[in-house]
Amino acid sequence: MQNRLSGRPKMPQRPPKERIKDFEEVPLGLPEWAAVEEAKRCLQCKKPQCVQGCPVEIDIPGFLKLVAEGRFEDAIAKIKEKNSLPAICGRVCPQETQCEEKCVLGKKGQPIAIGYLERFVADYEREKGIRPPSAPSWNGHRVAVIGSGPAGLTCAGDLAKMGYQVTIFEALHAPGGVLVYGIPEFRLPKSIVAQEVDYVRSLGVEIELSCVVGKTLTIDDLREEGYEAFFIGTGAGLPYFLNIPGENLNGIYSANEFLTRTNLMKAYLFPEFDTPVKIGRRVAVIGGGNVAMDAARCALRLGAEEVCLVYRRTKKEMPARVEEVERAEEEGVNCIILTNPVRFIGNDNGWVTGIECIQMELGEPDESGRRRPVPIPGSEFVIPIDTVVVAIGQGPNPLLLETIKGLALNKKGYIAADPQTGATSLPGVFAGGDIVTGAATVISAMGAGKRAARSIDLYLKDPNKFPQWR
Amino acid sequence: MFKILKKQVLTPEIKLMVIDAPRVARKAKAGQFVILRINDQGERIPLTIADFDPEKGTVTIIFQEVGKTTMMLGEMEAGDTILDFVGPLGKEMEEKNFGHVVCVGGGVGIAPTFPKARALKEAGNRVTSIIGARTASMLFWEDKMREVSDKLYVTTDDGSYGEKGFVTTVLERVLEQEKVDLVIAVGPVMMMKMTSLLTKKHGVPTLVSLNPIMVDGTGMCGCCRVSVNGQCKFTCVDGPIFDGHAVDFDELLSRQRIYLEEEKRALEKYLATRAKEEAHYAE
Ligand SMILES: Cc1cc2nc3c(=O)[nH]c(=O)nc-3n(C[C@H](O)[C@H](O)[C@H](O)COP(=O)(O)OP(=O)(O)OC[C@H]3O[C@@H](n4cnc5c(N)ncnc54)[C@H](O)[C@@H]3O)c2cc1C
Ligand SMILES: Cc1cc2nc3c(=O)[nH]c(=O)nc-3n(C[C@H](O)[C@H](O)[C@H](O)COP(=O)(O)OP(=O)(O)OC[C@H]3O[C@@H](n4cnc5c(N)ncnc54)[C@H](O)[C@@H]3O)c2cc1C
Ligand code: SF4
Ligand code: FES
């Protein structure tokens, strides 16, 4: 028998030199034999710690056992009891800080590669053709979900499984939220998002695209149309800028614009697709999160000769997944750490030509627990550059929030919602995902969507369960 | 899918379309815009709502063919459908009685001036309108503008119709002769800039409707940012109407040119394909 403590497989991936020439997926997925071997390592713990690390409570040992037995279709069915978007989660969830971090095998050796296996069975099913589940009969209630990101899709899918008639209203022309406009093709192929969205549709969920709630329709209009409960999952779609001189120069993008042009509008296929994106020889991405990594790797693939990442702390503090930082570096992205931009320099035609930066050192820990970066006086220097992507975070998009009277927000401008139920200050209105927590993860948004679905069910069966609204 | 109910050729380059879009029509207000996408490969382009009918559920757009997308749109006919048509976006204009308002529309900007002039007229204002185009054949909606204005002036750059000169030529005269409480200018950025410089000199408050490049139109991407009073604003959600005296027009002019090369490439490729197709059908 193999040693249970080691043996975790490496994910096969395309070599860096080849993969930076296109937008095809980078990791290739485990072969069947490796998946089965890996699943066999699971101890089938009586009190599985891994499940506690999973925000949507997948029966992890349950599905692993089925994989070990080669019963892949049953394994995916087991996952789908809890998670409607496994091919997505298997690709983008930070398992290393969730289920895998809790796995007991990780204490002395290597944790089970739960994420790889989730991806494996989801891909197995997709290749075989996804079986649409039998939709339950309508229970007479209608629910409106605003936003089709992971939070909205999960909430809608779960409610549909309970017999609710659900419509998702989405501002953009494609469903998926950040999954389609933010995360690039080479990390999450859009055909996979489309198929998982279709799965949610097959549960009976309707998706109305190109409908901006707050503009095209209001929540009051939806009430009049017969919707009895609402879930707001509109994400954190407001790009932050540095607010330093020269930031509106040509060639400076927010990560949202850069990624939306590239991924949603397929600028990498310009002029087959009509939307262009401008990429210079030397590109700087400001930030150190997943968004920054994605932008930097897109820039390389769009033909930049040099791409650097300007980050004000050290690599240890970077919020991006380790795996993604490694991949970015393998591909040639150069990390300039302990450095902060102070102004952008432009030429007479209004194009950016450089970033004046200042060097930083780490001081005392701040409220985030990370050591605070402090500028070193007199250490200014200029990085010559022709394209900049600002990826320093997102805030709550006020568009919808401004049009809902009486919706309580928290100090940072996000919706104030009960973390357990998702209930907001308005009767029948629930919220979850990035619009409540601030920019977080796909799986935490899904977890919030799931909890909200449960509370919406509770509310519509017995509104008295929510005394705060009486 | 949104059906084109009616198409009207206003000038060789400027076309009007009435689109079946009940939800947009029901909420539309003067000053707002839509974003449309013709097909799956298409770009999302913003166009002002030139008119709307909540009862019939229709929205009128007027556009000038300047590049690939507007040209493709111009070739579509009544009965054809547009893939996406989102709106109404942006903030509406404040509709109140200011007193004497001068509405200035340049080129295709006459179209978005119309619902504003009409709304201001209905709000009890005295409305003077000045519309202008490069040449007579590029002028449209003189009759509609006349209906909603107490007084209407028409200019052409080459003097082929109306008064020879720019809209600002007439505006300067009006400002010198009459008390004006508000000026609203819609048209090419250079025209809005010149108008704002002029009214600033006369101390008359001025609103302009900005047209930067946009992508989503919902405040998500930050592409449409403009400097207003030195502050960064997103045109699609904070605007498109801003105080003309506070806008950094030079920055806007520069930002509009970001994609000139790419736009040219796209257009050339499109025209070449079209020529090939036409040759094929001619055979
Ligand atoms: C580039 C990038 C990379 C990331 N990488 C990872 C990763 O690897 N792993 C991970 O776990 N997380 C990652 N994240 C974070 C993750 O994507 C988000 O936390 C998650 O998508 C949030 O889900 P959501 O459903 O709350 O919102 P979103 O995904 O933001 O979806 C919100 C949706 O609501 C729509 N909407 C907004 N306003 C309205 C309105 N008024 N009317 C109608 N519709 C509206 C939006 O158009 C959007 O489609 C990444 C984020 C970005 C930007
Ligand atoms: C809020 C708003 C409302 C608008 N309303 C109208 C309208 O009612 N009627 C109308 O004809 N146009 C309007 N525009 C401009 C219109 O969106 C552009 O003309 C269109 O996007 C051009 O697309 P294209 O692919 O045909 O040309 P492109 O290939 O994108 O561009 C061709 C040429 O047009 C210029 N251009 C591109 N975008 C703009 C822009 N946003 N403003 C000015 N010039 C531009 C380019 O610099 C280039 O020279 C509006 C723009 C905004 C932001
Ligand atoms: S904690 Fe690890 S070993 Fe235990 S059940 Fe979960 S995956 Fe298997
Ligand atoms: S167009 Fe994206 S923020 Fe205005």
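**Exercise 1.** Is A:Asp22 buried or exposed, or in between?

*Solution.* Start with the accessible area: A:Asp22 has a relative value of 24%, so call A:Asp22 partly exposed. The cut-offs are these: buried is under 20% relative accessible area, exposed is over 50%, and partly exposed is in between (1.4 Å probe, protein chains only). Next, look at A:Arg14, which is buried at 9%. Finally, pair them up: A:Asp22 and A:Arg14 form a salt bridge, with their closest N and O atoms 2.7 Å apart. That term means a side-chain nitrogen of Lys or Arg within 4 Å of a carboxyl oxygen of Asp or Glu.

A quick note on the model: it's predicted, so local features need pLDDT of at least 70 and side-chain atom pairs count only at pLDDT 80 or more, while totals for chains, interfaces and linings use all residues. Residues are numbered from 1 along each chain as its sequence is written, chains are lettered from A in the order in which they are written, and side-chain values use heavy atoms, leaving out hydrogens and water.

**Exercise 2.** Which parts of chain B does the pair B:Asp150 and B:Lys121 tie together?

*Solution.* First, check the contact: B:Asp150 and B:Lys121 make a salt bridge, closest N and O atoms 2.9 Å apart. Then place them: B:Asp150 sits in the loop between α4 (142–147) and β10 (151–156), and B:Lys121 in helix α3 (residues 110–122), so parts 29 residues apart in sequence get tied together. Helices (H or I, at least four residues) and strands (E, at least two) are DSSP runs, numbered from the N terminus.

**Exercise 3.** How many salt bridges does the whole structure hold?

*Solution.* Search all chains and you get 62.
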